[in-house]
Amino acid sequence: MADLHGVSGQTQRPARPTPTTTNPSTTFLTRLHGNSPNSTRVIGFLTLIITGAVFLLLAGVTISTTVLGLIFFSPLLLISSPIWVPVGALLFVFAAGVLCFCGFGVVVAVALSWVYKYFTGSHPFGSDRVDYARTRIADTASQVKDYAREYGGYLQSKVKDAAPGA
């Protein structure tokens, strides 16, 4: 009876867990199924491939047309180059002049706008630096004036010592 209830010298071991049967092909398929793209991703990928192929085709056609155009029109350009070089130089100078004129016009307009805002008291960007520079210049001028007064009198007294009749 003692053996029936497990009172004997042997203790009962817990039951071993039964190993789950893991088939390598089923784990691969579950992983593959978990990472499979949905229909939106597939359509997006197909759209990307088709668009890339069309752009690649258009780039090839563009390059081919450019090369063929250069081949066919090179003799014409070579024959008429004495006309094209001066015309190109003239157009370049004209375009540069127009761009410079427009650029300087924009700069002048912005500068006048800034000066107007500064004198009307709107405090545009950088006005604090202008005020600081103005006070520094005024302080330096007053220091130079004081220095000149101080040492100007000194020099006059030295001149009187050197020439008492002067």
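## Aromatic cluster

At 25% relative accessibility, W114 counts as partly exposed (buried is under 20% relative accessible area, exposed over 50%, partly exposed in between, with a 1.4 Å probe and protein chains only). The model is predicted: local features need pLDDT of at least 70, side-chain atom pairs count only at pLDDT 80 or more, and totals for chains, interfaces and linings use all residues. Residues are numbered from 1 along each chain as its sequence is written, and side-chain values use heavy atoms, leaving out hydrogens and water.

Helices here are DSSP runs of H or I, at least four residues, numbered from the N terminus. Y118 is buried, because its relative accessibility is 15%. Its ring and that of F119 have centres 5.4 Å apart and planes at 75°, so this pair is edge-to-face. F119 is exposed, at 67% relative accessibility.

A search of the whole structure finds 2 aromatic pairs. W114 and Y118 form a stacked one, 5.3 Å centre to centre with 5° between the planes. Rings of Phe, Tyr and Trp (its six-membered ring) pair if their centres lie within 6.5 Å; planes under 30 degrees apart are stacked, over 60 edge-to-face, and the rest tilted.

## Nonpolar surface patch

A nonpolar patch lies on the surface, with about 1,300 Å² of accessible area together. Its members are I63, V67, L68, I71, F72, F73, L76, L77, I83, W84, V87 and L91. Patch residues have over 30% relative accessible area and no salt bridge; nonpolar side chains (Val, Leu, Ile, Met, Phe, Trp, Tyr) are joined within 5 Å, like charges within 9 Å. Areas come from the Shrake-Rupley method with a 1.4 Å probe.

Helix 2 (39–79) and helix 3 each supply at least two residues of the patch. Helix 2 gives the most, with 8 residues. L76 is found in helix 2. L76 is exposed, with a relative accessible area of 53%.

## Salt bridge

Side chains of opposite charge can pair when their charged atoms come close. The structure holds 1 salt bridge (a side-chain nitrogen of Lys or Arg within 4 Å of a carboxyl oxygen of Asp or Glu). R134 and D131 make it, at 3.3 Å, N to O.

Both residues belong to helix 4 (residues 127–162). They are separated by about one helical turn, because they are 3 residues apart. D131 is partly exposed, at 24% relative accessibility.
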